[in-house]
Amino acid sequence: MRKNMSQNWKAVIFYILIPVLLIGSIFLLSYQNKNTVTTNYSEIVNLFRNDKVESFELDLSTGELNYKLRDDDKTVNKYSVPSVSYFIDDISEYVDRYNDSHQDTQITYNYKKGSSNSWWMSMLPTFIFTVIIILMFVWLMRRMSSSIGNETNRTLGFGKIKSKNSSGEESDKKFEDVAGCDEEKAELAELVDFLKNGEKYTELGARIPKGVLLVGPPGTGKTLLAKAVAGEAGVPFLSISGSDFVEMYVGVGASRVRDLFEQAKKKSPCIVFIDEIDAVGRHRGTGMGGGNDEREQTLNQLLVEMDGFGSNTGVIVIAATNRPDVLDPALLRPGRFDRQITVNRPDAQGREDILKVHSKNKPLAPDVDLHEIAKLTIGFTGADLENLMNEAALLAVRNGRKAIVLQDIMDASSRVELGTEKKSHKFSDKAKKLTAFHEAGHAVSAYYTEGHDPVKEISIIPRGLGAGGYTWYTPQEENYNSRKEMLDNLVSMFGGRVAEALALDDISTGASNDLQRATEIVRDMVIKYGMSDSIGPVVYDSGNGEVFLGKDYGHVNNYSEETSARIDAEVEKIMRQAYDKTVEILKEHYDKLELVANALLKKEKINGEEFESLMKFGTLPISEETSSTDDAPAEIEVVAEAQSEVIESAQATQTENTENTEE
């Protein structure tokens with residue numbers, strides 16, 4: 001902040017000083033010349049001839065004449081005579097004649113003999129001001145040139161690329177820092193071996209891939225993999241984003257591409273990493289500018305550099321994107337990006353390995369089992385898991401603990417996935433009741449749908465944006481999106497709307513998001529996945545009519561109006577079937593719906609174990625504190641006995657089945 005204030009003061013002083021100097025110079029020059037008479041030499045001589053001069057002074061060294069006229073008592077006029085000797089000869093006759101005839105009013109005069117440097121002394125202020133102004137102007141131009149060159153790239157250096165590691169230093173990442181993608185590391189290990197021992201490949205005539213494209217969802221570790229390759233190979237690593245190439249000035253992008261590869265050749269062997277290459281590598285001919293589009297010129301130059309007439313021996317280009325479908329086909333052909341490595345979301349073992357990496361420097365309590373946490377974090381990427389452990393550490397510090405306990409990780413998981421709880425928000429009893437039945441409808445319908453993921457947590461405490469509550473499920477296995485799974489999800493999605501209608505004889509806008517997601521799932525089942533019996537295994541969505549690509553601004557459906565009507569009818573049919581199934585489930589188990597809703601109104605949040613207890617035994621589980629008291633209510637004792645009987649009966653049945661199997 002002090003540095004910024006200092007720079008601001010310098011700028012203020014600079015912009016004030018220049019006008020002051022200019023005004024001072026003008027004032028000085030005007031002051032020196034304000035009394036100078038702009039007249040001819042003959043007129044000056046005539047003044048003496050006509051006896052109009054009262055007194056005068058002549059500087060013999062500079063020729064400066066100061067004279068006073070008789071008609072004006074205050075004004076002293078200045079004049080620079082061409083030649084001092086001639087001037088004295090011309091006026092001496094008139095001065096002597098006048099003084100001889102006028103004894104009482106003499107013309108007083110003085111011939112002043114100045115020093116040899118008086119002219120320089122008189123011009124010194126003007127000279128100093130002029131030099132200062134010139135120096136300030138030069139400094140200003142240099143400053144503007146530097147500012148433009150560094151910040152707006154409008155000088156001769158605007159075509160230079162500034163990579164994130166322009167010095168070409170080696171990466172400090174290794175393969176051991178990357179977890180959860182063993183197959184991807186195995187493919188990239190070949191690049192490392194080539195960079196270290198390229199001779200054994202060239203002896204057999206093998207050519208290492210010039211480019212490797214890392215494809216995968218955001219946060220899966222594509223950038224980290226590229227750094228690890230450079231770190232393992234021990235070669236320079238130049239990193240840049242795709243958006244850094246394109247500027248508003250024509251030709252800048254292409255110039256920067258050339259400069260990037262020139263830098264890479266000088267540091268060869270090296271790795272060039274282009275992050276988010278889809279910013280510059282999109283399909284050509286899709287923009288409004290056509291072939292003259294600046295981005296397309298940049299892409300053309302990139303294609304030439306990767307596989308043109310030049311040679312980039314020892315330079316390997318690694319690029320990353322999560323939109324490979326929008327890349328130009330010429331960029332993906334062999335000779336440019338020879339390999340495409342898909343970096344998927346990690347599986348259970350991969351998530352456990354990633355958790356070990358990110359918990360390496362964090363103290364964990366004995367109740368933390370990373371293997372179990374990995375099972376509960378299906379769908380998390382490496383970035384999500386890193387954020388999860390960081391949030392858990394923050395919660396542990398907030399709670400005053402010296403180590404991260406399991407509850408911190410669970411709370412961090414809900415915080416990451418669902419958002420922060422908004423306990424301060426107050427709602428009316430009517431709104432709370434509606435939310436309780438809505439969320440209970442989701443949970444109960446999911447419980448009685450075979451194969452649906454079990455309930456992890458139910459809450460009527462608002463989280464996130466606009467959500468009055470939530471029902472959170474625990475995935476039991478990796479989701480392959482089968483037809484049955486999609487239909488099961490529809491039942492649980494309709495649970496909230498159906499519960500509102502059954503319990504309150506009214507519906508609200510709270511189910512709008514559920515209906516939107518359900519409609520998208522059903523429409524995709526019909527037109528993208530061919531899961532409709534009446535429509536058949538036909539794909540009616542080509543997926544290439546996205547307006548932002550610019551491929552087809554006048555995109556129309558690739559099927560007839562009759563087929564469109566059949567699709568709409570089939571979508572409505574599947575939606576109504578799922579809705580009717582949800583109504584059937586909740587009507588049959590309406591007592592459970594009321595039970596869960598009342599528990600939510602009382603506790604506001606129940607976990608999976610409490611929900612299971614409500615569905616099996618009709619009551620919440622007995623806590624250790626309640627069971628240890630002597631004055632426990634009789635109804636709790638009866639419930640406890642009922643729970644014990646159910647458990648003993650289930651164990652006896654299991655034992656009997658085991659014995660029968662052995663026989």
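Is Tyr201 buried or exposed at 17% relative accessibility? Tyr201 counts as buried, because its relative accessibility of 17% falls under the 20% limit. The model described here is predicted, and the values below were computed from it.

**Aromatic pairs**

Nine aromatic pairs are present in the structure. In one of them, Phe194 and Tyr201 stand edge-to-face, with 5.7 Å between the centres and 65 degrees between the planes. Phe194, the partner of Tyr201 in this pair, is likewise buried, because its relative accessible area is 15%. Another edge-to-face pair joins Tyr447 and Tyr448, at 5.0 Å centre to centre and with 85 degrees between the planes. Tyr447 is partly exposed at 29% relative accessibility, and Tyr448 is partly exposed with a relative accessible area of 27%.

| Residue | Relative accessible area | Class |
|---|---|---|
| Phe194 | 15% | buried |
| Tyr201 | 17% | buried |
| Tyr447 | 29% | partly exposed |
| Tyr448 | 27% | partly exposed |

Elsewhere, Tyr41, Phe48, Phe56 and Phe87 form one aromatic cluster.

**Surroundings of Leu58**

Phe87 of that cluster is also one of the residues that Leu58 touches. Leu58 lies in strand S1, which spans residues 53-59, and it counts as buried because its relative accessibility is 0%. Leaving out residues up to four places away in sequence, Leu58 touches Gly63, Glu64, Leu65, Val81, Val84, Phe87, Ile88, Asn110, Tyr111 and Lys112.

**Nonpolar cores**

The largest nonpolar core holds 36 residues, and Ile458, Val526, Ile567, Val596, Leu600 and Phe611 have the most contacts inside it. At least two residues of this core come from each of H15 (429-447), S10, H16 (483-504), H17 (512-527), H18 (561-588), H19 (590-603) and H20. Helix H18 supplies the largest share, seven residues. For Phe611, the contacts beyond four places in sequence are Ala443, Val444, Tyr447, Val455, Ile458, Val596 and Ile606. Tyr447, a member of the second aromatic pair described above, is thus among the residues in contact with Phe611. A second, separate core has 27 residues, among them Leu214, Val229, Phe237 and Ile341.

**Cavity and pocket**

One cavity of 30 Å³ or more is counted; the largest cavity contains about 40 Å³ of space. Its lining consists of Ile373, Leu376, Thr377, Leu388, Ile409, Met410, Ser413 and Lys456, which by class are five nonpolar, two polar and one charged residues. Helices H12 (370-376) and H14 (406-418) each contribute at least two residues to this lining, and H14 gives the most, with three.

The second largest pocket has a volume of about 700 Å³. Its lining comprises 24 residues, of which Gln407, Met410, Lys456, Glu457 and Asn607 lie nearest the centre. Two or more lining residues come from each of H13 (382-398), H14, S10 (455-459), S12 (605-607) and H20 (608-617). Helix H14 again gives the most, here with five residues. By class, the pocket lining has six nonpolar, eight polar and 10 charged residues. Met410 and Lys456 line the largest cavity and are also among the residues nearest the centre of this pocket.

Definitions and conventions:
Residues are numbered from 1 along each chain as its sequence is written. This is a predicted model: local features need pLDDT of at least 70, side-chain atom pairs count only at pLDDT 80 or more; totals for chains, interfaces and linings use all residues. Side-chain values use heavy atoms; hydrogens and water are left out. On a 1 Å grid over the protein atoms alone, a cavity is a set of points where a 1.4 Å probe fits but cannot get out, and a pocket is an open set with protein on both sides within 12 Å along at least five of seven lines; lining residues have an atom within 4 Å of a point. Grid points are joined across faces, edges and corners, and a volume is the space filled by probe spheres set on the points. Helices (H or I, at least four residues) and strands (E, at least two) are DSSP runs, numbered from the N terminus. Ala, Val, Leu, Ile, Met, Phe, Trp, Tyr, Cys and Pro count as nonpolar, Asp, Glu, Lys and Arg as charged, and the others, Gly among them, as polar. A nonpolar core is a set of buried Ala, Val, Leu, Ile, Met, Phe, Trp, Tyr and Cys residues joined through side-chain atoms within 4.5 Å. Buried means under 20% relative accessible area, exposed over 50%, partly exposed in between (1.4 Å probe, protein chains only). Contact means heavy atoms within 4.5 Å. Rings of Phe, Tyr and Trp (its six-membered ring) pair if their centres lie within 6.5 Å; planes under 30 degrees apart count as stacked, over 60 as edge-to-face and the rest as tilted.
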